[in-house]
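Hi,

Here is the structure I promised to pass on. Have a look at it first, and my notes on what turned up follow below.

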Amino acid sequence: MPRGEVRVPAVALLAAGELFGGVERHVLDLAAALAGQGVQVGLALFHDAELAARARALGLAPRILPAARRAAVSSAAAFASWLQGEQIAIVHTHGYKAIVCAALARRRDAFDVVHTVHGLPEAAEGWGMRAQRTRLYARLDAWAARAVRARVCYVTDDLRHRLRAAHASLTTHVIPNGIAALDRHAFARPGAFDAPGRHFVVVGRLEPVKGQSIAIAALAHPRLARTDVQLHVLGEGPCAGSLERLAEACGVAARVRFHGFRRDVHAFIAHSDALLMPSLHEGLPYALLEAMALRTPVIASSVGGLGETLRHERTALMVEAGDVDSLAGAIERVCAQPELGAALAARAAAQCRRGHSIERMTTRYLDVYRHCADARGAPPEIAAQARS
């Protein structure tokens, strides 16, 4: 091993783990990739749910911390004790709850903190309970990152720009998400696609920011009202009931199917005519990268990481956020011009292989961890785990 390199010390990934979405996919894939590089990696979660189950299936034994609302102090104490026992030197946090726990658990610079920002808090207007809670979480996240002098990693340049004031005193990096290679032929066509017609999919937590309501409204647009286009909504969330009522009100309930949480998301994406991402803002969603890797056409809003990653009429069809007419028109184009969708998908797949591989992402996080170790004066004669 080359002299002068710094060894990557033991790393703990800390996340909520309550749901299973893009953040949880990131944590799981990164943990597995780090372990594959020979890094001692631990995983701590606040919920024993889907992420914990998938981690165990990969041979990772997550530490489950107290999750009650008033358990912040006991969670931090349990986390600090676990870190000491495992001799963890770097804590990599995901989400405001994780960074706050790390701040409360840290004593006398016992460990370094890397904090990944996956997206913005969902916008909430006014001074209602939800709006105040959102603002509080954002302030806690920024306070905790400063308190532990975290190295902050953003998944897009857009996020770094938007949060530059909150993290002005900190070292920051942009590390786009990455995924393992996917073979579309490895996934069986879902039975839900047996019905005749064109099948479009929207994936994500059922919240206003994800734009499922815009997709439903587009289905009722005069351009698509008399077509055989069907929409498959995958995900759970607080807007489930209101979205079902919207489909009824728009007269398209027969063409919209709500599937809830699915473990076979890849199959739905791989066999759909296109993935719709009509979001109002985004980081760099894993559903997008999965569609790119699976050579599925994408129709997306020109916001955040979507606008940063995709190019209109080269790797996707881009529409203005909230523009029902443009979304309906893009869906109509994909239906009428399958060769256009295939060309967009092929170029997107090549871009995903070049810039969004799990190996590339892991290498860049390993570099951040090495910077932490180097700043602490790790012995240079002990070389790092293999670089990829």
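Glu-290 is the residue I'd start with: its relative accessibility is 7%, so it counts as buried, the cut-off being under 20%. Bear in mind that this is a predicted model. Glu-290 sits in helix 10, which covers residues 286-293. Setting aside neighbours within four places in sequence, Glu-290 touches Arg-25, Ile-179, Leu-182, His-266 and Ile-269.

Helix 10 also packs against helix 13 (residues 338-355), with the axes 7 Å apart and an angle of about 110°. Since 65 to 115 degrees counts as roughly perpendicular, that is what helix 10 is to helix 13. On the helix 10 side, Leu-289, Met-292 and Ala-293 make the contact, and they meet Ala-345, Ala-348, Ala-349, Gln-351 and Cys-352 of helix 13. Sorted by class, this contact has 7 nonpolar residues, 1 polar and no charged ones.

Arg-295 lies in the loop between helix 10 and strand 12 (298-301), and its phi is near 60°, a positive value in a residue other than glycine. Most residues other than glycine have a negative phi. At 43% relative accessibility, Arg-295 is partly exposed.

Gln-87 is another case, with a phi near 55°, again positive without being a glycine. Gln-87 belongs to the loop between helix 3 and strand 4 (90-94). Is Gln-87 buried or exposed? Gln-87 is exposed, at a relative accessible area of 68%.

Now for helix 3 itself (residues 72-86). Its axis comes within 8 Å of that of helix 4 (residues 96-105), and the two cross at roughly 70°. That puts helix 3 roughly perpendicular to helix 4, and the crossing is right-handed. The residues that meet are Ala-72, Ser-75, Ala-76, Phe-79 and Ala-80 from helix 3 and Cys-101, Ala-102, Leu-104 and Ala-105 from helix 4. By class they come to 8 nonpolar, 1 polar and no charged.

Phe-79 turns up again in the largest nonpolar core, which has 93 residues; Leu-13, Leu-14, Phe-79 and Tyr-369 are the ones with the most contacts inside it. Beyond its neighbours within four places in sequence, Phe-79 is in contact with Leu-14, Ala-44, Leu-65, Val-91, Cys-101, Ala-102 and Ala-105. There is also a second, separate core of 30 residues, which includes Leu-219, Val-229, Leu-231 and Leu-340. In soluble globular proteins, nonpolar side chains tend to be buried together.

Leu-219 leads on to helix 7 (residues 212-219), which is mostly covered, with 6 of its 8 residues buried. Those are Gln-212, Ile-214, Ala-215, Ile-216, Ala-218 and Leu-219. What do the buried residues of helix 7 pack against? Their partners are strand 8 (198-203), strand 9 (229-234), helix 8 (240-249), strand 10 (256-260), strand 11 (274-277) and helix 12 (324-336).

With 43% relative accessibility, Arg-360 is partly exposed. Apart from neighbours within four places in sequence, Arg-360 contacts Arg-354 and Gly-355. If you want a distance to check your numbering against, the C-alpha atoms of Arg-360 and Leu-234 are 29 Å apart, and the two residues are 126 apart in sequence.

Cheers

Methods: Residues are numbered from 1 along each chain as its sequence is written. This is a predicted model: local features need pLDDT of at least 70, side-chain atom pairs count only at pLDDT 80 or more; totals for chains, interfaces and linings use all residues. Side-chain values use heavy atoms; hydrogens and water are left out. Axes are lines fitted to C-alpha atoms, for helices over the stretch in contact, and angles run from 0 to 180 degrees between N-to-C directions. Helices (H or I, at least four residues) and strands (E, at least two) are DSSP runs, numbered from the N terminus. Angles under 35 degrees count as roughly parallel, over 145 as roughly antiparallel, 65 to 115 as roughly perpendicular and the rest as oblique. A crossing is left-handed if the near helix is turned anticlockwise from the far one by less than a right angle, and right-handed if clockwise. Contact means heavy atoms within 4.5 Å. Ala, Val, Leu, Ile, Met, Phe, Trp, Tyr, Cys and Pro count as nonpolar, Asp, Glu, Lys and Arg as charged, and the others, Gly among them, as polar. Buried means under 20% relative accessible area, exposed over 50%, partly exposed in between (1.4 Å probe, protein chains only). A nonpolar core is a set of buried Ala, Val, Leu, Ile, Met, Phe, Trp, Tyr and Cys residues joined through side-chain atoms within 4.5 Å.
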